[in-house]
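The stops below go from one residue pair out to the whole chain and back to single residues.

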Amino acid sequence: MDGEVECPFCGEPGEVAADYDPDASGAQVFVQDCAVCCNPWSVTVQVGADGEVSVRVDRG
Ligand SMILES: [Zn+2]
């Protein structure tokens with residue numbers, strides 16, 4: 001999947017490359033390092049019951 005996010009550490013735009021399961025509803029959490037500042041993101045992919053996907057990035 002592709003997801004445009006803003007790094008919570010350095011504020012630079014980045015891309016989430018989470019290997020999530022689109023058939024599993026609920027929150028799936030991944031850790032991914034920022035490509036710019038190398039700090040660890042805590043990436044939460046939320047799959048709704050209607051299949052809608054939202055991505056959130058927090059400080060890991
Ligand atoms: Zn960063």
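Select Val45 and Val55: Val45 stands opposite Val55, which lies in strand 5. This is a predicted model, in which local features need pLDDT of at least 70 and side-chain atom pairs count only at pLDDT 80 or more, while totals for chains, interfaces and linings use all residues. Residues are numbered from 1 along each chain as its sequence is written.

Strands (E, at least two residues) and helices (H or I, at least four) are DSSP runs numbered from the N terminus, and two strands pair if DSSP finds at least two bridges between them.

Strand 3 and strand 4 pair in the antiparallel sense over 8 bridges, with Gln32 opposite Trp41 of strand 4. They too form a hairpin, with 6 residues between them.

Which strands stand at the edges of the sheet? The open sheet holds 3 strands in the order 3-4-5, with antiparallel pairing. Strand 3 (26-33) and strand 5 are at the edges with a single partner strand each, so one side of each has no neighbour in the sheet. On average, neighbouring strands of this sheet are turned by 25° against each other, direction ignored; the axes are lines fitted to C-alpha atoms, for helices over the stretch in contact, and angles run from 0 to 180 degrees between N-to-C directions.

Now show Tyr20, Trp41, Val43, Val45 and Val57. These 5 residues make up the largest nonpolar core. Strand 4 gives the most to this core, with 3 residues. A nonpolar core is a set of buried Ala, Val, Leu, Ile, Met, Phe, Trp, Tyr and Cys residues joined through C-beta atoms within 7 Å. Buried means 20 or more other C-beta atoms within 10 Å of the residue's own, exposed means 12 or fewer, and partly exposed lies in between, with C-beta atoms placed from the backbone. In soluble globular proteins, nonpolar side chains tend to be buried together.

Stay on Trp41. Leaving aside neighbours within four places in sequence, Trp41 is in contact with Pro8, Val31, Gln32, Cys34, Val57 and Gly60. Contact requires C-beta atoms, placed from the backbone, within 7 Å.

The protein has 0 helices and 5 strands, in the pattern β-β-β-β-β along the sequence. Its radius of gyration is 11 Å, close to the 10 Å that the globule rule gives for 60 residues, so the protein is as compact as a globular protein of that length; the radius is taken over C-alpha atoms, and the rule is 2.2 Å times the number of residues to the power 0.38. The C-alpha trace spans about 35 × 15 × 15 Å along its principal axes. Of the 60 residues, 10% count as buried. Among contacts with a separation of 6 or more, 34% come from residues 24 or more positions apart.

Colour by pLDDT, the predictor's confidence in each residue from 0 to 100. The mean for the protein is 91, and 97% of its residues reach 70 or more.

- Cys38 is in the loop between strand 3 and strand 4. Cys38 has a positive phi of about 65° although it is not a glycine, and is exposed, with 9 other C-beta atoms within 10 Å.
- Ala24 lies in the loop between strand 2 (13-16) and strand 3. Ala24 is exposed, with 10 other C-beta atoms within 10 Å. The C-alpha atoms of Ala24 and Val57, 33 residues apart along the chain, are separated by 19 Å.
- Arg56 is in strand 5. Arg56 counts as partly exposed because it has 16 C-beta neighbours inside 10 Å. Arg56 and Ala17 are 39 residues apart in sequence and 12 Å apart in space, C-alpha to C-alpha.

Note on methods
Contact = placed C-beta atoms within 7 Å.
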